[in-house]
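Visitor: I am new to this structure. Please show me how to read its features.

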Amino acid sequence: AQGPGAQQRRSPGHASILAAMAFSQTGLAKSAGSASLSQTRGAHPTTRLDRFLQSTDAGYQHAEQQTHGDRFIRKMATYGQVRPSVSFTSEARVLRPMKEHCAVDMSNLPTTFMDPRGDPREGTLSYPQPPKEIDDSFIKLYQNHSLMLPSERYREHIHMKKAEAKWREDRENLFRYRKRMQVLERHYPDGVIGLDGPMHPGTQLYADRRSYVVQNEGRKAEHAAARHDHIHMQRMADDATAARHYGSDSNLRRSEDIGVQRKCIDPTMHPVRFLDTHDRLFPKYSPTWDPDRAAAIRSHDTRGREHNIISGTTNNLEYKVAKRWDEPPLQGMPNRQHYPGVAPEGA
């Protein structure tokens, strides 16, 4: 007979749990599934189903066996049949130690055998610069149809012939120079071994590439220095927080022995923090009016207008402080500079 307690709400995985319990009780009392169900008796059905699947289904089991010992071996976390290469699952990092020629970071510099090594042939590879402008003014002489003497026409012909030969030579040199530079950029981007390259100081053929490499290394150096300072700041602990020199005189100023953010503790800049009880109750000087503050409040009230919106007259006011003959204000007070006869700080 079923009582009123049997009409409880059942979770979606409750039927799976009952089926799993029935399957585990048919001659497999000591199997992994029955052991997981017995260990999670009284827990939520979802938790029991998850534990049962992890114990029986290969798709929910870890692909690697548990490692024992006092050594931690880093491996890739893989589950089920999704197995990467053998180097991740069956080979540990300790089997491949870091070699001397290996590096953790990456670099876009040329290979090491492109560096200058004192070879006498270094710097001998050079291509002469072509002229920046090629003179083709002789073409206009072809359009000269004016009357000339035979001797003048002959001299013009000789000049045109030499100018055309020079033009063809400069044009060929320019084309050859561009072709050579394209070959260097496409086939020898990192330099020519033993002759020239971006790592050679004073290079002409790889001047642009060397300038880029130098600027990139400078940015990396600045980033590394800033990273070092930032990490040092993050990992640095105050002496009081780290309990260094505990019990001895720290020779620190006021509130510097507390490892928290401090306010201004300079007696000159903030003298109010260094007043005792008597000075607080009976102050020698109590400022009553600050002209700068009054000018700021009035500018807010008038919204920056320097004239009366009704009459149109000017509404400028002079903010002066009456002369006082008692003790001048303390250093650091906001209206100290408005008192006559008081020497400014640092004078």
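Visitor: With which residue does E172 form a salt bridge?

Guide: A salt bridge is a side-chain nitrogen of Lys or Arg within 4 Å of a carboxyl oxygen of Asp or Glu. E172 forms one with R176, and their closest N and O atoms are 3.1 Å apart. Both residues lie in helix α5, four residues apart, about one turn of the helix. Here a helix is a DSSP run of H or I with at least four residues, numbered from the N terminus.

Visitor: What should I know about the model itself?

Guide: This is a predicted model: local features need pLDDT of at least 70, side-chain atom pairs count only at pLDDT 80 or more, and totals for chains, interfaces and linings use all residues. Residues are numbered from 1 along each chain as its sequence is written, and side-chain values use heavy atoms, leaving out hydrogens and water.

Visitor: Where in the chain is confidence lowest, and where is it highest?

Guide: Read pLDDT, the predictor's confidence in each residue, from 0 to 100. The chain has a mean of 76, and 72% of its residues reach 70 or more. Helix α1 (residues 14-24) is lowest, at a mean of 53, while α6 is highest, at 90. Over residues 1-13, pLDDT stays under 50. The model gives that stretch three contacts (heavy atoms within 4.5 Å) beyond four places in sequence.

Visitor: How many salt bridges are there in the whole structure?

Guide: A search finds six. One of them joins E164 to R168, with the closest N and O atoms 3.1 Å apart. These two are four residues apart in helix α5, so about one helical turn separates them. R153 also forms a salt bridge, with E156, at 3.2 Å between the closest N and O atoms. R153 and E156 are three residues apart in α5.

Visitor: Which residues make up the largest nonpolar core?

Guide: In soluble globular proteins, nonpolar side chains tend to be buried together. A nonpolar core is a set of buried Ala, Val, Leu, Ile, Met, Phe, Trp, Tyr and Cys residues joined through side-chain atoms within 4.5 Å. The largest one here has seven residues: L125, Y177, M181, L184, V192, L205 and Y206. L184 touches Y127, P189, V192, L205 and Y206, not counting residues up to four places away in sequence.

Visitor: What does the side chain of D196 make a polar contact with?

Guide: A polar contact is a pair of N or O atoms within 3.5 Å; within protein, one must be able to donate a hydrogen and the other to accept it, and residues adjacent in sequence count only if both atoms are side-chain atoms. The partner is the side chain of T203, at 2.9 Å. D196 lies in the loop between α5 (150-187) and α6. D196 is buried yet has no salt bridge. The nearest side chain of opposite charge, R210, is 8.4 Å away.

Visitor: Which phi does A243 have?

Guide: Most residues other than glycine have a negative phi. A243 has a positive phi of about 60° although it is not a glycine. A243 sits in the loop between α6 (207-235) and α7 (277-281). R303 has a positive phi too, of about 55°. R303 lies in the segment after α8 (291-302).

Technical notes: Buried means under 20% relative accessible area, exposed over 50%, partly exposed in between (1.4 Å probe, protein chains only). Lys and Arg count as positive and Asp and Glu as negative; His and the chain ends are not counted.
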